[in-house]
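Take a look at the model below. Keep it in view while reading.

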Amino acid sequence: MTIDDAEITTKVKAAIFAEPGLKTLQISVDTIKGVVTLSGSVDSSPSRDRAKALAGAVAGVKEVKNQLVIK
């Protein structure tokens, strides 16, 4: 069973939004062939790492490109 990119994007966004420290941040999620790119800005390095970890834990994700910028 293949999970499509739109479904992965939805699940990653849901995981990030469910995290209290991340839901107020402007994180955009883009998925192409199972590779998730996170972009936008976060408030700290731990938030950046947490977003990547959450994205990586979603079924169907092959790789996470973390382009989040710490402001």
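The paragraphs below go from the overall fold to single residues.

This is a predicted model. The protein holds 2 helices and 3 strands. Read from the N terminus, the order is α-β-β-α-β. Helix 1 covers residues 5–18. Strand 2 takes in residues 35–42.

How does the overall size compare with a compact globule of 71 residues? Such a globule would have a radius of gyration near 11 Å, and the protein has 11 Å, so the two agree. The C-alpha trace spans about 40 × 20 × 15 Å along its principal axes. Of the 71 residues, 32% are buried. Taking contacts between residues at least 6 apart, 59% join residues at least 24 apart.

Now the surface. The protein exposes about 4,300 Å². Carbon and sulfur atoms supply 54% of that area. The charges number 10 positive and 8 negative. Their mean positions, positive against negative, lie 2 Å apart.

Which residues does Val61 touch, beyond those up to four places away in sequence? Val61 is buried, because its relative accessible area is 15% and the cut-off for buried is under 20%. Its contacts are Ile8, Val12, Gly34, Val36, Ala55 and Gly56. Ile8 and Val61 are 53 residues apart in sequence. Their C-alpha atoms are 7.0 Å apart in space.

Next, the salt bridges. A search of the whole structure finds 2. One joins Lys11 and Glu7, with the closest N and O atoms 3.4 Å apart. Both residues belong to helix 1. They are 4 residues apart, about one turn of the helix. How accessible are the two partners? Lys11 has a relative accessible area of 36%, so this residue counts as partly exposed. Glu7 is partly exposed as well, at 33% relative accessibility.

Another salt bridge pairs the side chains of Glu19 and Arg50, at 2.9 Å from N to O. Arg50 is partly exposed, with a relative accessible area of 36%.

Gly40 lies in strand 2. Is Gly40 buried or partly exposed? Its relative accessible area is 32%, so Gly40 is partly exposed. Leaving aside neighbours within four places in sequence, Gly40 is in contact with Gln26, Gln67, Leu68 and Val69. Gln67 gives a sense of the spacing: its C-alpha atom and that of Gly40 are separated by 7.3 Å. Along the chain, these two residues are 27 residues apart.

Go back to the model with these points in hand. Follow the chain from Glu19 to Arg50, which meet in a salt bridge. Finish at Gly40 in strand 2, with Gln67 among its contacts.

Conventions:
Residues are numbered from 1 along each chain as its sequence is written. This is a predicted model: local features need pLDDT of at least 70, side-chain atom pairs count only at pLDDT 80 or more; totals for chains, interfaces and linings use all residues. Side-chain values use heavy atoms; hydrogens and water are left out. The radius of gyration is taken over C-alpha atoms; the globule rule is 2.2 Å times the number of residues to the power 0.38. Buried means under 20% relative accessible area, exposed over 50%, partly exposed in between (1.4 Å probe, protein chains only). Contact means heavy atoms within 4.5 Å. Accessible areas come from the Shrake-Rupley method with a 1.4 Å probe; for residues, only the protein chains shown count as cover. Lys and Arg count as positive and Asp and Glu as negative; His and the chain ends are not counted. The place of a charge is taken as NZ of Lys, CZ of Arg, CG of Asp or CD of Glu. A salt bridge is a side-chain nitrogen of Lys or Arg within 4 Å of a carboxyl oxygen of Asp or Glu.
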